[in-house]
Amino acid sequence: MKKIILLMSLVSIFLLGLAISYAEVKRDTNNNGYKQMLNTFENINSEFKFYNIKGNTYLNRNLNENEMKSICMDIITNLGLEESQIEWIKNKNSSESQVYAHIQESDRNISIIAVNKSNNESYIMVDILENKVYKDIVDIYTVLEETLSNFSNKVDIYTCIAGEYKKRLQLYKYDDILDKILYNMNAKEIDRVEDENFVSVTAFSKEIKTDYLEYLGNKVNLNIGIRYSENEEKTMIYVATPIIRLDY
């Protein structure tokens, strides 16, 4: 247990060292690398568990409550959902105002937060968790990216697909899976953190045409995590771009 806690601490420190760099690239939603990521995920023969998309954007202006609610509704509508499905939560204190839209379904959980932090500083944050199907992830990414880009040119989107193997894998299998992902994603490994039951690899993939991060002078846009759970007796795998933003 101490080793696991220590490892998670090291991973947290490692991730904190990543400097976010917004990539000024022309987005091609038909060839952004997501389809290749889906194909790669299918090739590793794990059982799909869920995917998670986190999007956020910064606006250098104030948003009032009506504007925040309107932005939330634009996102909800473009995702093909109805206002009747939304639970609205409002929060107001001395330093910031906020509108929170939440949709909870049996196989999907969506949260949208619009917050006005201070003068000329507002944020939109979207979190989508889906555990039934994953092939719509390309369309969801496209809708979310295009919608957030209507409000700002500073858009960051983090995407993760998670699967599981219902057994403990031998360490050589970890390497086989990692090699297959890196090869299929045309990716170069940048760094690796590992111990007996856990490995996390960061890499740069030429297939992924969306944003990247910078880590110690290297571009990073692909993160692979493999972890064995002794309590659940199964091995989880996470394939993410640009990094995994989940507690795993």
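This is a predicted model: local features need pLDDT of at least 70, side-chain atom pairs count only at pLDDT 80 or more; totals for chains, interfaces and linings use all residues.
Q: Is F204 buried, exposed or partly exposed, and where does F204 sit?
A: F204 counts as partly exposed, at 26% relative accessibility. Partly exposed is the band between buried, under 20% relative accessible area, and exposed, over 50% (1.4 Å probe, protein chains only). F204 lies in strand β9. Strands here are DSSP runs of E with at least two residues, helices are runs of H or I with at least four, and both are numbered from the N terminus.

Q: Which residues is F204 in contact with?
A: Leaving aside neighbours within four places in sequence, F204 is in contact with N186, A187, K188, I190, K219, V220 and N221. Contact means heavy atoms within 4.5 Å.

Q: What pLDDT does the protein average?
A: The average is 85, and 84% of the residues score at least 70. pLDDT is the predictor's confidence in each residue, from 0 to 100. Over residues 1-29 it is below 50, and that stretch has 43 contacts in the model beyond near neighbours in sequence.

Q: OK, big picture: how many helices and strands?
A: There are 5 helices and 13 strands. Of the 248 residues, 49% count as buried. Among contacts with a separation of 6 or more, 64% are between residues 24 or more positions apart.

Q: Which residues have the most contacts inside the largest nonpolar core?
A: I75, I124 and L222, in a core of 57 residues. A nonpolar core is a set of buried Ala, Val, Leu, Ile, Met, Phe, Trp, Tyr and Cys residues joined through side-chain atoms within 4.5 Å. Apart from that one lies another core of 7 residues, among them A162, M236, Y238 and I244.

Q: What does I124 touch?
A: Not counting residues up to four places away in sequence, I124 touches G55, N56, T57, L59, L63, I71, I75, I113, A114 and L148.

Q: What span should α3 have?
A: Helix α3 (residues 65-78) has 14 residues, so at 1.5 Å a residue it should span 20 Å, and its end C-alpha atoms are 20 Å apart, which agrees. The expected span is 1.5 Å times one less than the number of residues. At the start of α3, a side-chain oxygen of N64 reaches to within 3.1 Å of the backbone nitrogen of N66. Just after α3, G80 takes a positive phi of about 80°.

Q: And what does α5 pack against?
A: The buried residues of α5 pack against α2 (34-43), β7, β8 (187-195), β9 (198-205), β12 (222-229) and β13 (234-241). In α5, those buried residues are Y174, I177, L178, I181, L182 and N184.

Q: What else is T159 in contact with?
A: The list beyond four places in sequence includes M37, N52, I53, I137, Y141, V239, A240 and T241. T159 and A240 are 81 residues apart along the chain, yet their C-alpha atoms are separated by 5.4 Å.

Q: Which peptide bond is cis?
A: The one from T241 to P242, with omega near -5°. P242 is in the segment after β13. Most residues other than glycine have a negative phi, and most peptide bonds are trans.

Q: What is the phi of L216?
A: Near 50°, a positive value in a residue other than glycine. L216 is exposed, with a relative accessible area of 72%.

Definitions and conventions
Residues are numbered from 1 along each chain as its sequence is written. Side-chain values use heavy atoms; hydrogens and water are left out. A polar contact is a pair of N or O atoms within 3.5 Å; within protein, one must be able to donate a hydrogen and the other to accept it, and residues adjacent in sequence count only if both atoms are side-chain atoms.
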